[in-house]
Structures are given as C-alpha cells and as structure tokens.
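Here is a friendly briefing to read alongside the structure. Keep the 3D view open and look for each residue as it comes up.

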Amino acid sequence: MTELDLPDQPATEALAARLAALSGAGDVIALHGEMGMGKSVFARAFLRALAGDPSLEVPSPTFSLVQIYDLPKATVAHFDLWRLDGPDALFELGWDEVQEGIMLVEWPERAGDELPRHALHLTLMPGEGEEGRRVILEGWSDRL
C-alpha cells in the first residue's frame with residue numbers, strides 16, 4: 001500500500017500520466033472515492049496520457065456506463081458503475097469482451113466479485129486545502 005498527497009488537480013493528472021505509462025493490456029484500475037474526489041479527473045488524464053493527446057475528448061460515461069477508446073497501447077474501457085443495477089448487469093456492457101485491454105472502473109464496488117483480483121485500487125479522499133486530495137494505492141506491488 002502506498003499513500004500520496006495530491007495538493008491540486010495537476011498533481012492528480014500527473015499521477016494518472018505516470019500510471020498510464022506503467023499500464024498495459026489486461027490491467028484494471030479501480031477508482032474509489034466519494035463524488036467530487038477526482039475519479040473522473042484521474043480517468044480523463046489517464047486516457048489523454050495513453051493517447052498522447054492532451055485535447056482528447058473524454059466524455060463521462062455516467063449515462064452510457066462505458067466508453068471505449070481504441071488507443072495505440074491498448075483498447076481502454078472506461079466504466080462508471082454508479083447507476084449499475086448490480087454485477088449481473090456488467091455483462092450487458094461487454095465486461096467480458098474488454099478484459100484483454102485496459103479497464104478504468106469508477107465505483108468498482110458495484111462490480112462485486114466480477115472485479116478482477118489483480119486490479120490496482122486507487123482510493124481518493126479529501127486532503128489539505130480545497131483542492132488537495134490524499135490517495136491510497138493498493139496493488140501492482142511489482143510496478144509501484
């Protein structure tokens with residue numbers, strides 16, 4: 001387990017870029033935290049870093065539940081499971097079909113036992129100041 005202080009949004013984006021560089025096909029990144037803690041900020045920065053395009057359009061998958069990105073390093077599935085009825089509904093979203101790529105999963109607790117055990121878990125919580133966050137990273141002990 002690693003804990004980091006992220007003093008502002010650029011620090012969250014820098015962490016996302018660093019983890020994007022370490023990620024590869026088959027990886028799962030589970031983003032935990034209450035609303036407003038920066039899960040979507042992290043996901044957007046991660047995807048832009050993987051694409052090598054700081055202006056990549058990254059819409060929130062809140063209503064579609066999943067957005068798919070065909071990027072040079074891997075296909076990335078960005079899930080927002082906030083509105084998911086339960087783990088059984090994952091398969092209607094193509095959960096099984098995207099596991100060979102990279103999966104970014106917001107609200108991963110809604111996936112239940114379907115979340116792969118090898119996932120990197122990031123838990124974002126309030127930190128110092130208005131923009132500050134604290135992040136706990138669990139997993140990827142061979143890479144972090």
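Strand E2 is covered on both faces: Val28, Ala30 and His32 on one side, and Ile29 and Leu31 on the other, are all buried (buried means under 20% relative accessible area, exposed over 50%, and partly exposed in between, with a 1.4 Å probe and protein chains only). Five of the five residues of E2 are buried, so this strand is largely enclosed by the rest of the structure. Helices (H or I, at least four residues) and strands (E, at least two) are DSSP runs, numbered from the N terminus. Please keep in mind that this is a predicted model, in which local features need pLDDT of at least 70 and side-chain atom pairs count only at pLDDT 80 or more, while totals for chains, interfaces and linings use all residues. Residues are numbered from 1 along each chain as its sequence is written, and side-chain values use heavy atoms, with hydrogens and water left out.

**The neighbours of E2**
- E2 and E5 pair in the parallel sense over four bridges (two strands pair if DSSP finds at least two bridges between them).
- In that pairing, Val28 stands opposite Met103 in E5.
- Four bridges also join E2 to E6, and these two strands run parallel.
- Here Ala30 stands opposite His121 in E6.

**The whole sheet**
- Seven strands form an open sheet with mixed pairing, in the order E1-E7-E6-E2-E5-E4-E3.
- Strand E1 (2-6) and strand E3 (66-70) stand at the edges with a single partner strand each, so one side of each is left without a neighbour in the sheet.
- From one strand to the next, the twist averages 15° (axes are lines fitted to C-alpha atoms, for helices over the stretch in contact, and angles run from 0 to 180 degrees between N-to-C directions).
- E1 and strand E7 (residues 133-138) run antiparallel and are joined by five bridges.
- The bridge partner of Glu3 in E7 is Ile136.

**Helices on the sheet**
- Helix H1 (residues 9-22) packs on the sheet, where it touches E1, strand E6 (120-126) and E7, and its direction makes about 140° with that of E1 (contact means heavy atoms within 4.5 Å).
- Helix H2 (residues 39-51) lies across strand E2 (28-32), E3, strand E4 (75-80), strand E5 (102-106) and E6, running at about 165° to E5.

**Nonpolar cores**
- Which residues touch the most other members of the largest nonpolar core? Among its 29 residues, they are Leu19, Phe42, Phe46 and Leu122 (a nonpolar core is a set of buried Ala, Val, Leu, Ile, Met, Phe, Trp, Tyr and Cys residues joined through side-chain atoms within 4.5 Å).
- H1, E2, H2, E5, E6 and E7 each supply at least two residues of this core.
- H2 gives the most to this core, with six residues.
- Leaving out residues up to four places away in sequence, Phe46 touches Ala16, Leu19, Ala20, Ser23, Ile29, Ile102 and Leu104.
- A second, separate core has 19 residues, including Val28, Ala30, Leu65 and Trp95.

**Two tryptophans to find**
- Trp107 lies in the loop between E5 and E6 and has a positive phi of about 60° although it is not a glycine.
- Is Trp107 buried or exposed? At 9% relative accessibility, Trp107 counts as buried.
- Trp140 is found in the segment after E7 and has a positive phi of about 50°, again without being a glycine.
- Trp140 is buried too, with a relative accessible area of 5%.
- Among the residues that Trp140 touches are Leu19, Leu22, Asp27 and His118.

**Salt bridges**
- How many salt bridges does a search of the whole structure find? It finds three (a salt bridge is a side-chain nitrogen of Lys or Arg within 4 Å of a carboxyl oxygen of Asp or Glu).
- Glu3 and Arg134 meet through their side chains in a salt bridge (3.0 Å, N to O).
- This pair links distant parts of the chain, with Glu3 in strand E1 and Arg134 in strand E7, 131 residues apart.
- Arg134 also meets Asp5 in a salt bridge (2.6 Å, N to O).
- Arg134 lies in strand E7 and Asp5 in strand E1, so the pair ties together parts that are 129 residues apart in sequence.
- Asp27 and Arg143 form a salt bridge as well (2.7 Å, N to O).
- Asp27 sits in the loop between H1 and E2, and Arg143 in the segment after E7, 116 residues apart.
- Asp27 is buried, with a relative accessible area of 7%, whereas Arg143 is partly exposed at 29%.
- Salt bridges that share partners join Glu3, Asp5 and Arg134 into one network.
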